[in-house]
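The following exercises concern the architecture of a single protein chain. Each task is followed by a solution in steps.

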Amino acid sequence: MKSHSTSKNLITRLTFSAIGLAALCGCSIASKLNASTASDQTDSPCEIVIEHLTLGDTPMPDLSAVEKAVSQITLSRIGCTVKIENIPISDHATRISLMSAQNDQLDIINTGRTVSLAEMAADGILLPLDDLLEQYGAALQEKEGKLLKANIIDGNIYSVPANLYCGGNSGFLYNQDMASEYDIQVSDTMSKQDIESIAASLKSHGKYLLSQGDGSNNPILLGTFFPSVVPVGSSMYANGVSLSGDFGTDIVNVFETEEYLEYCQMLRRWKENGWIPDDSLTSGLLVNQLFQSQKIFMTWLTANPVELALQTKNYTFPVDMFSTTTQTPLRTSQIQEDGWGINSTSQNPEKAMEFLNLMYSNAEISNLLMNGIEGKEYEKISDHIITYPDNVSADNIGYSRYFSVFGDFMDIYQWQPVTESFYDDLKDFQVNTTVSPLLGYTFDVSPVASEYTAVIRVLSEYLPPLECGMIAGVKEAVENMNVLLRDAGIDRIIAENQKQLNEWLRNSG
């Protein structure tokens, strides 16, 4: 999982179905694969457009220089040039749907970040990658290994995991300067009680503990504070959860559980105590923006070496992380929430796959896309550790990577204060990662699509104010919401999920 950057607008996502299917008309992967040979270097070079998710619309004056440097490599290696399309993460769901509908070129897109992989596949936004991987993705297949099976939807692979070292415990990224200034003691693992004990101190200094941004249609922090609650077959709690952690196979409606009620009551208490912002629903500010401006002490993330290294560069103050859970197995949802897919409207899917394969096997390309150009964006202080050049900072850097992950972290330079030990830590993390017994199971929501639409409509009304602690009568609101959820068909969704899981368990056993 990633830092909580933006609310997931599921209503917007559901518009993908009509748009994606229209965009897919006349587009046949088989005909494209037979139309040309990807290794044929005699054809004039094509251009591959890859999506880069950013925090906002901040200009990147060195973007064209990075494109040129990458294209010099790809032109000689795979006969194509590369264009980077910056898209703010808050606009991602809308932009990719519109670009698909208008047939605008965007060959390689982020999957799972703001729209689930299952939805994108069902809505025709993505091409199946099985044949492309076999023909042009040898390096990718070798590096991805067991991760690929988590991205199989209805028998086809629709995405390649972007982060080869995903997974980890639930936790938070926090501001080290603030902790030091206010004498806040942070340990590697913190309980809910530990976290609440520091909130009053923060308030006395005019700082908030955290923020939920403008709320969400998905109770993102629920599993962080109640680790026994785990979504099954999807990252969406609306599709049902296990109350027995990753090893549970009985699916229930989370919104009727004591855990969910306690979670909402906790957030209400935090709001009443002044520990979270009063204007979460109206400020229009993303959680990352609040953290960057040092209005809040911490923001949610998956606690692993990669996430900490990625976040280190994004802020002008030192950061560190702590966990709220221990020994969380690698889950399907953790893999699916950060991937690369090939747009169904791509005119050159072979070249797109060749580029993905090269990006994960060529350290020069991955470093250009992750870090920019040596001497402009960074300078090396050791073999693999980099820092800003003189007169360059996070505020004026000419090119910066924010959310998208380009390449294998073992090949990528890391930003100070990360040290050379990062690479050994990453190896240890990978070796010690356990795997959920349900890895590879994905819930297909299409048999209950109308119920899902109705359920999301209810959640879109109730969850944002509940998540932000804005509702005084929490118990009554949750009870009212559950009446509407039952009317909308949430029980049929959960029954369908249970049916599919039981079949998957029979076939995988």
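Two strands count as paired if DSSP finds at least two bridges between them. Helices (H or I, at least four residues) and strands (E, at least two) are DSSP runs, numbered from the N terminus. The model is a predicted one, in which local features need pLDDT of at least 70 and side-chain atom pairs count only at pLDDT 80 or more, while totals for chains, interfaces and linings use all residues. Residues are numbered from 1 along each chain as its sequence is written, and side-chain values use heavy atoms, with hydrogens and water left out.

**Exercise 1. Describe the overall fold and its dimensions.**

Step 1. The secondary structure consists of 21 helices and 15 strands.

Step 2. The radius of gyration, taken over C-alpha atoms, is compared with a globule rule of 2.2 Å times the number of residues to the power 0.38. For 509 residues a compact globule would have a value near 23 Å, and the 22 Å of the protein agrees with this. The C-alpha trace spans about 70 × 55 × 40 Å along its principal axes.

Step 3. Buried means under 20% relative accessible area, exposed over 50%, and partly exposed in between (1.4 Å probe, protein chains only). Buried residues make up 60% of the 509 residues.

Step 4. A contact is defined by heavy atoms within 4.5 Å. Of the contacts with a separation of 6 or more, 79% link residues 24 or more positions apart.

**Exercise 2. Determine which strands pair with strand 12, and state whether its residues are buried or exposed.**

Step 1. Strand 12 (residues 339-342) directs G339 and G341 one way and W340 and I342 the other way, and all are buried.

Step 2. Strand 3 (residues 108-111) pairs with strand 12 in the antiparallel sense over 4 bridges. Within this pairing, N110 stands opposite W340, and T111 has G339 as its bridge partner.

Step 3. Strand 6 (residues 160-161) also runs antiparallel to strand 12, joined to it by 2 bridges. Here V160 stands opposite W340.

Step 4. Strand 3 is likewise covered on both faces, with I108 and N110 buried on one side and I109 and T111 on the other.

**Exercise 3. Characterise the surroundings of I412.**

Step 1. I412 belongs to the loop between strand 14 and strand 15.

Step 2. This residue is buried, with a relative accessible area of 1%.

Step 3. Apart from neighbours within four places in sequence, I412 is in contact with S366, N367, M370, N371, F406, G407 and Y423.

**Exercise 4. Identify the buried residues of helix 10 and the elements that cover them.**

Step 1. In helix 10 (residues 192-204), the buried residues are K192, I195, E196, I198, A199 and L202.

Step 2. An α-helix has 3.6 residues a turn, so residues three or four places apart point the same way.

Step 3. The cover over the buried residues of helix 10 includes strand 7 (169-175), helix 9 (176-181), helix 11 (222-225), helix 12 (258-272), strand 10 (298-303) and strand 11 (319-323).

Step 4. Helix 10 is followed by G206, whose phi is positive, near 75 degrees.
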